[in-house]
Structures are given as structure tokens and as C-alpha cells.
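Subject: Structure handover, with notes on rings, pockets and cavities

Hello,

Here is the structure I said I would pass on. Please look it over first; my notes on what was found come after it.

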Amino acid sequence: MDIIQHHLETIPGISIYPVISFVLFFIVFVVMIIHTFSIDKKTIHEMKNIPLEEMEENNQ
Amino acid sequence: MDQEKFYYDNRIVKYFLYATLFWGVIGMLVGILAALQLVWPELSFNTAMTTFSRIRPLHTNAVIFAFVGNAIFAGTYYSLQRLCKARMFSDTLSYIHFWGWQLIIVSAALTFLAGYTLSKEYAELEWPIDLAITIIWVIFGWNMFGTLLKRRTRHIYVAVWFYIATFVTVAVLHIVNSIEIPVNFLKSYPVFAGVQDALVQWWYGHNAVAFFLTTPFLGLMYYYLPKAANRPVYSYRLSIIHFWALIFIYIWAGPHHLLYSSLPDWAQTLGTVFSIILIAPSWGGMLNGLLTLRGAWDKVREDPVLKFFVVAVTAYGMSTLEGPLMSTKTVNAFTHFTDWTIAHVHIGALGWNGFLTFGMLYWMVPRLFGTQLFSRKLANTHFWIGTLGILFYAIPLYWAAITQTLMWKEFTPDGFLKYPNFLETVTQLIPMYAARAFGGLLYITGVIIGVYNLVKTVTHGKFIRDEAASAAPLDTISGRRIQGESRHRWLERKPVQFMIVSLVVILIGGLVEIIPTWLIKSNVPTIASVKPYTPLELEGRDIYIREGCYTCHSQMIRPFRSETERYGEYSKAGEFVYDHPFQWGSKRTGPDLAREGVKSGRLYKPDSWHYNHMDDPRKLNEQSIMPRYSWLLRNRLNSCTTARKISVMQKLGVPYPEGYAEQANDDLSIQAQQIADGLKSAGIEVRSDKEIIALIAYLQRLGTDIMEGR
């Protein structure tokens, strides 16, 4: 861990801002992952096929 | 359930599609001219309108907003109607959008050539055109949301999320970066100055790349790539994560354009950190695109549309790896201000935007005209010539960048700059510039073949103006979340709420960066000896802006020994507090000018030198590639608006004494006469009311303030 801490500390100007930003981003990222993996397979299949559906219907 | 019959509006798609091709050819031809001017400066023709520094912004704007812009609209209008199973909300709004956008492009071209510019890269347009863009953009959004609200599908497909994010973010960026106070009908000053202006500009500039050149194209990729491959996108889950991560992170990365500049360190670090994180969502998009083709690579060999898409998505991947690497301080110290940046953006523009556009057009045109593509062979030829064109364009410029940056930084064993004469480092690059122009020529040859192929396809087919379709109407369900529906699932069927959440997500990054720079005074330490420009210098500065000097000259000395040795003391944030707009530049085709006026400096030149140099740079340096600006010696300075300019500056907080506007013209004449007298003693007869006098006054002022404080 020391090596990580050392490198973080020696970034010039590292202050609270990047930390807050990173934490914010991380929370959004984790929430999104949890959300997307909670969607059931059938729904995912339906959603991803939306652009292809109209092709079948309109016989393009 | 009963099916409703309706018609897709293909005519608006056709209009935008033709405009894409038309402006694409024009924008790229102008680019070829600019590339050739760097090899043969005589091609600027010693005429203001055709000079490199006016041609270059015309090229960048034409390609970004005319070629890519129209391609976005063509692709969006086609896919949005089909993804919503509805005709566009209003045909009238569609056509106001189309003609309004073309009118903006034409007025942009005319004003750039005439020298009306704000000098903020990719936001150079003057205030009336900025206003027009805002109105037309709102009309586009109104039409898009109207269509979304009357759609016949419950879920809004991921491509449309990208369109929504594009709409809302471009609106925010454009409005914030265009806050300016008019002096007259075609002249204004931005409200921000110096460091703040630079931060806002590059927050805009970076996100123009993100939300005009990236997110709409990702939306197009998520629609047209599955269509062309006839298989769904590889992972819809990945597309959801990728979408939110991308729009959240992109907005923070702007300050990486200002590393080692006078921007506060914390903001620079923030830019770097987020740029590195950005690799993840960018590559999420790239992988999702490429993996959509898993098991279908045999089709890529056959189908030119997929070939274009594969190279486009690969170029996107390369650009979005290269960008973050260039955002680290170590690499940036090496690449910034060099041709590396130009190569980098062209991998994106020619590869990602250009090839995705052509792939999309080759797919769409036969369908709009109910026919087959005229020639698959010609499309393949276009693909190969275009790909070679990209390589011939980029590789010489990477080479040029490495050559020049090494020459800039090389010291002799005795500790002196090995190449103290900037021109030496430019002369080395001319063969690379010629090769780059050849690359551009190859690329446009491909484009012309493409245009021919598409025109032939059009003439062989019959246009389906209103395409019949049918779908069941949506049953009304509660606007609130229904039982078992997650928040995000709810959001996916509520376009307006979706837009609001996207807006909040992009605002977080923008506000954290910009507000502290406005509010915290310590971010820009004041320097007592820094004074406002004199009226003549201000007029000279406006000529510097009008002629686009910033396209080749920076005014930002970074704190490196190789730069302080060459140019003088490094630039401080407090030196730019009266610079509306800032003139730091982003490329050094010529030397930095931040300390041009410092008499004890290495770059100092007397007034007579500047006079002759503007007349013809090659009279003084045979190998110079700077264009001639001889009209400055003939044109009379228009000082009718000087007083008004001073008043506007006062409104912006520049501390001229009260009532100074009335006195400004007298002071201007006195200073101009002094310069004219000085030139006379050097053997140059010139009237004091010529534009060159004002420009000399400005150049001789550059960088001198902090020296006088000592």
C-alpha cells in the first residue's frame, strides 16, 4: 500500500477535489453495475433487439 | 391490438445527407489548401481572405459543424423515427432546423473569411451567429423530444440516450462558452478573461469533441452497426454502464488541454486523473462495437459498410487511448504545441467520424432510394484509398512532432539551446507537411469516389419520400414507477426526466471545475504591475485576433528550461487578467510570443523588423512559412469603435479610469504617432493611422508588464 500512497501523494496539486470526484464517480459506477446486472435476460434481449425489430416488420 | 399506419419522413434525411456530402467535400478541400499553405506559403496569395490563419478555422469549423454536424442530423433523423416507431414530431421544425443550420454554416464561412472571429477554437463565431445556433439547437431538441413523447415503443433504445446527452450537453457548453458582450453587430468580447477564459474554453473545446464528435456517433454506432451486421449489439448491459460512465467522466477532462500552463495545479491534476479513467468507458464502447461483429467477421470481408465501421471503431479506440496518454504531464510536455495534436485529432476526424459517416451513408442511401448500392467495388476502393489516406496523413505528422519537440528541447554540452533559431525546427518539418498534404489528397480522392458512387445509386433508384410503417400505439400507463420497475427502467421510458438526469450528471463535473476558478481569488494571484492595454494596443490586439495569429503562435511559456531559455520567463496566471479573450493558442507553428515585447528578451525585435516582417516574412527569413500580411501596411485603422470597446472592457471589470472612453482616441493618436516617428527614424515612412502601427504597439507590449514591476 505504501507504494500506492507514495505515488498518490507525489502527484502535484493532489487535493480533495480529485478524491471527491473519484468517489462520486465510483459510486455512480458501482450503482450502475448493480443495476444493469439486476436486469433479467429476457428484458435485455428485448431491448438490444429493438433496432432489428423494425427491419423484420417492414421487411427491409 | 390495432396497428396504426404512419409514414417516416425520408426527405429530411435526404436533405441532411446531401448537405453532409457537399460540406464534406468543401471542408476537406479547404483542409488541403491549408496543408499546402504550410509547404508553399505563397498559396496564401497575400490576400486576407485566403490567408492560412483564416483558412484554418474555416476548415476545422466546416469539417466539425458542417460535415460531421449534418451527418449527425441525417443519421439521427433516420434512426430516431424508426427507434420511436413514429414520424418526426413536426415537419416544419425539421425543415427550419435544416435550413437554419445551413444558413449558420454559410454565415460562418463568410464571417471567418472576412476576419470576424472570437479566436476561441471551435467557438470562433461572433455573437449573432452564436444566438442563431442556440435557437436552431433548441428547435432540434424540441423536435426530438416531441418525437420521443409520441413514440410507439416503451423502452428508449440506448442510441437515443446518446442523442439526448448530446442535445443537452452541447446546449450547456455552447451557452456558457458564448457569454460575450457585443461592441457592435459583429464584434464582442467574452466575459471571461485569461485563466478563467482558458478554462471555460477548453472545458467547451474538450467537450465539443466529447459531445459533438463522440456521443452522437456512439449513438449512430449503436443503431447502424447492428443494422449492417444484422445482429444485436454485443452487450446491452455494457452499453448502459458505458453510457453513464462516459458522460459523467468526459466533462471533467477539459483541463488536460492546459497542462503546465498558468491554470491552478489542482485543476490540471483533475483533468489528468479523469482523462486516464476515461479510457475505461471509451474502450467499453469500442469493444461493444467490435464484439458485435463476433462470429460475423466473414461479412466484414464482403461488405464495405462493415469495413468502414470496423476501421471507424478501431480509430475511436486508438484515439481514446492516445488522448489519455497525451493528458499525462510527462507525455504532454513532449506533445503539446506540436503536430502530434493535429495527428491525434485527424485519427478521430478522418477515421472515427469520417468512416462511420461513410459506412452509414453507404448503408442508408440504397434503402432511401429502394435500390442496391451502385458499385460495391468503388465503395471498396474508397475504403482502401481512405485508409491509406489516414495513414499517410497521420504518420508524417507524428514524425514531425517527435522531430520538432526533440529539437526544441535539445541542449549543447555547454548548456545552450542547440537550435536557438525557431525557424530551424520548422524547416525540418516541410517534407513531413508535404507528405501530410498527400495523405489528405488521398483521403479526399476516396471521398469523391464515394460521392460519385452515391450519386449513381441515387440516380438508379426511386426516392421513397414517405416510407410506410405500422405499429401498435402505446397503452397509457402511469407516469410514476409501476410496481417492480426499477428507477432506471422508469427513466428509460421517460425522455424528459432522462434529459434532466443527464444534465445533472454533466453539470457536476463542470461546476466543480469552473466555480472555484471564478470564486477563489487565490487561484489567480494578482500582479500589481499588470495594467490594462492602451487603446492602441487594444486595437492591435483585435487585429491580432482578426488575423488569427493564435492559430500558429502561442502566448504561454511553460515552466521548462527549454522554454525559458528560448522565450524568457514562464507565464504567470496574473499576467492575463485583462485578456478578453485569452490568446494562449494550442499550436506552435511559429514561436511563442508571450514575451515578444521584452527588450532584454531573446525574441525582441525592433518596430522596423515587425513592419518589414508583416509585409513579407521571407524578406527577412528566406525559409519562413509565415504568410504575408501586407494589407496591414495599407489598411487604415478603424478607431470609430475604440471608445465603445473601452466602455465594454470597463463593464467587464478592466480598471480604466472613469470617463476614459472619451479620452481613448486622443491617447491612441499620440501613441500611434510615437511609433510612426520611431519607424521614420529607422527609414520607414508610414502614416500613424495604419493598422500595422496598432499591431506593433500590441506586439511590443506582450510580456512586458511583469518586467516593469522590477
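A residue counts as buried if its relative accessible area is under 20%. By that cut-off B:Y77 and B:F140 are both buried. Please keep in mind throughout that this is a predicted model.

B:Y77 belongs to helix α2 (residues 52–84) of chain B and B:F140 to helix α4 (residues 127–149) of chain B, so the contact ties together parts that are 63 residues apart in sequence.

Two charged side chains sit over rings. B:R82 lies over the face of B:Y78, 3.6 Å from the ring centre. The charged end of B:K329 is placed over the ring of B:Y260, at 4.8 Å from its centre.

The largest pocket holds about 900 Å³ of space. It is lined by 44 residues, and B:H553, B:G590, B:P591, B:W609 and B:H613 are the closest to its centre. By class, this lining has 25 nonpolar, 13 polar and six charged residues. Several helices of chain B each supply at least two of the lining residues, among them α1 (11–39), α21 (561–567) and α27 (691–701). The most comes from α22(B), with four residues. Domain 1 (9–475 + 486–511) and domain 2 (535–708) of chain B each provide at least three residues of the lining.

The second largest pocket has a volume of about 490 Å³. Its lining is made of 23 residues, with B:Y116, B:K187, B:R546, B:N638 and B:K645 closest to the centre. Here the classes are eight nonpolar, six polar and nine charged. Helix α20 (residues 535–546) of chain B gives the most to this lining, namely five residues. The second largest pocket lies between domain 1 and domain 2 of chain B, because both give residues to its lining.

Cavities

Six cavities of 30 Å³ or more turned up in the search of the whole structure. Of its 17 lining residues, B:Y533, B:E575, B:D579, B:L702 and B:G703 lie nearest the centre. The lining of this cavity divides into seven nonpolar, four polar and six charged residues.

Regards

How values were computed
Residues numbered from 1 in each chain as written. Chains lettered and ligands numbered in written order. Predicted model: local features only at pLDDT ≥ 70, side-chain atom pairs only at ≥ 80, totals over all residues. Heavy atoms only, no water. Buried < 20%, exposed > 50% of the residue type's maximum accessible area, 1.4 Å probe, protein only. Lys NZ or Arg CZ within 6 Å of the ring centre and 35° of its normal. 1 Å grid on protein atoms, 1.4 Å probe; cavity = no way out; pocket = protein on both sides within 12 Å on 5 of 7 lines; lining within 4 Å. Points joined across faces, edges and corners; volume = space filled by probe spheres on them. Nonpolar A, V, L, I, M, F, W, Y, C, P; charged D, E, K, R; others polar. Domains from an automatic or database assignment.
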